[in-house]
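Try each task before reading its solution.

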Amino acid sequence: MQRIAARQKSWEFRQFLGLRRLYSPAQNTSACLSGNDAGIIPAMPAFDYTPPPYTGPGAEEIMRKRREFLSPSMFCFYKKPVNVVHGKMQYLFDDNGRRYLDAFGGIATVNCGHCHPDVVRAIVDQTKSLQHSTILYLNHAIADFAEALASKLPGDLKVVFFTNSGTEANELAMMMARLYTGCHDIISLRNAYHGNAAGTMAATAQCNWKFNVVQSGVHHALNPDPYRGLFGADGEKYAHDIQDLIHFGTSGHVAAFISEAIQGVGGIVELAPGYLPAVYNSIREAGGLCIADEVQSGFARVGSHFWGFEAHGVIPDIVTMAKGIGNGIPLGAVVTTPEVAEVLTRRCYFNTFGGNPVCTAAGHAVLKVIEKENLQENAHIVGSYLKKRLSDLKSKHEIIGDVRGRGLMLGVELVTDRQLKTPAKVEILQVMDQMKGTCICISL
Ligand code: PLP
C-alpha cells in the first residue's frame, strides 16, 4: 500500500455496489454495534447463508507465496489484506467466516451477485458437455449469446466478436476503426482508462497506468469533468477541444473517438451532459467512428439505462464490453455494424478463447438474470437512494468534495479543502481501511 501511495499523484475514493438488493424486507436492518468494532462499524443485516469452514492457507502464507512467485507489480488493498474465500450474492466471506458487503464487485464485474446459482449452473452444465472447441467448429452457445446480446443494442449494432477481456475488446475496436477509415489518429479523453496493451495504453490517459513505451496515434482531449473540469458541467464547451484537436493535431480526418460514459478507473467521472452528442457529430464529420467503452458502465450498472452511452442520447458505431458481461468469467466483446465488421475479413483474425462455450454460456445466463430479477431497476432504485444518502453526508462533512455517478456506479471524492479540491490522500486510506469493501483509484 505504501508503494502505491508513493507512486500516485492523487487519490480518489469511489464506491461500487453489486446490483443485488441490499436488504430484503424480512432482513433485520437495525444498525447495532458489535465486537472490537463497536462504535465504528454497524452490524450486518441477517443473511441466510453460512459458508463451509475454511481449511486452506491463511493470509500470511498466501502473502509469502505472492511475494516469492508472483509479479511484484501486484498490490493489495488495506493495511491487513483480506483473504477472501467465499462469495454469496452481495457478500464476501474471509477465512474466519467474517462477512463483508461487497461494494466493489470485483471492479464493477459481479453484476448479478457472487456465485449466482443460474450463472453457476450454466457454467457447470456447459463445462460438463463441452469446455472448449474454438470457433472453427459449430456450437450453439456462442451463437445463442451473440443473438441475445445483439438484441440489447440499438440501431444496426448487431455483429459481435468475443474476446477475453476489456483490453482485447478495445484493441480490436481501435484496429477496426483504423482499418475502416484508413486513418491512424484516435482521440480519447484525459483521465480515461481503456486497457494495458499497446493501443489501449495509448488511449489510456492517466500517467499511473502508462509505461514509458512507444504509444502512437492517440490524442487526448480535455476531460468534460463536471467537478474538476475547466467548463464545469457545460458539455458543449469541452466539445470544442475535439474540433481543435482534429484541426491542429491531425490531417483533418480521424479513425475514431473512444470514451467511457462514466470514467471508472478515473474516479467515477460522468461526462458532462451535451458533450457526447456534439463530439460524435465532429468525429463523424471528420470521417471517424465513435467507440463507446462500456466495460464498466454496461450491463445495467448505471440503472437508468442498460448502457452508459444511452444516458447521453447517442448511438456509437462500435461498443466494447467486458467485466459485467460474464459476472466474473473472463469474457469481453466488440459489437458493431455489419459494414464495420466486414474489415476483419481482409485477413485472418482469430482469438483462441474468444467465444468459448463456457464463457458465452455464462454471459447468456447473466443477461437472463439481469432481466429476470429486474437488476437494472434495482440498480436505479438502490443507487439513487445511496446517492441521496451520500449527498446528505456531503452536506454534513466538509471532507466530502463530491458525490457523483448514477445507479450503482457511484463515487465519493474526499478533499481536504473544498475550494482548492485538494485530494485527501491520508484520510482516504483511513476510510478505506475502515470500510473494507470500497475501492481506491488513482487519477491525474
Ligand atoms: N475499459 C475500461 C473502462 C476499464 O475500466 C477497464 C478495466 O478496468 C478496461 C477497459 C480493461 O479491461 P480488462 O482489465 O478486462 O482488460
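Helices (H or I, at least four residues) and strands (E, at least two) are DSSP runs, numbered from the N terminus. This is a predicted model, in which local features need pLDDT of at least 70 and side-chain atom pairs count only at pLDDT 80 or more, while totals for chains, interfaces and linings use all residues. Residues are numbered from 1 along each chain as its sequence is written, and side-chain values use heavy atoms, with hydrogens and water left out.

**Exercise 1.** Find Thr-336 and work out whether Thr-336 is buried or exposed.

*Solution.* Start with the place: Thr-336 belongs to strand 13, residues 332-336. Next, take the cut-offs: buried means under 20% relative accessible area, exposed over 50%, and partly exposed in between (1.4 Å probe, protein chains only). Thr-336 has 1% relative accessibility and therefore counts as buried. Now look at the surroundings, where contact means heavy atoms within 4.5 Å. Beyond its neighbours within four places in sequence, Thr-336 contacts residues including Asp-156, Val-159, Met-176 and Asp-317. Finally, follow the side chain of Thr-336 to the backbone oxygen of Asp-317, at 2.8 Å.

**Exercise 2.** Place Tyr-54 in the fold and describe its surroundings.

*Solution.* First, locate Tyr-54 in the loop between strand 1 (11-16) and helix 2 (59-69). Its relative accessibility is 30%, so Tyr-54 counts as partly exposed. Then list the residues it touches, not counting those up to four places away in sequence: Ile-62, Asn-83, Val-85 and Asp-95. The side chain of Tyr-54 also reaches the backbone oxygen of Pro-57 at 2.8 Å.

**Exercise 3.** Which residues are closest to the ligand, and how much of the ligand does the protein bury?

*Solution.* Count as near any residue with a heavy atom within 4 Å of the molecule. That shell has 13 residues, and the closest are Gly-166, Thr-167, Asp-293, Gln-296 and Lys-323. Helix 6 (residues 166-181) gives the largest share of the shell, three residues. Now take the atom pairs one by one. A polar side-chain atom of Thr-167 sits 2.5 Å from a ligand oxygen. A side-chain N or O atom of Gln-296 is 3.0 Å from an oxygen atom of the ligand. Taken alone, the ligand exposes 380 Å² (Shrake-Rupley method, 1.4 Å probe), and the protein buries 84% of that.

How values were computed:
Polar contact = N/O pair within 3.5 Å; in protein donor to acceptor, adjacent residues only side chain to side chain.
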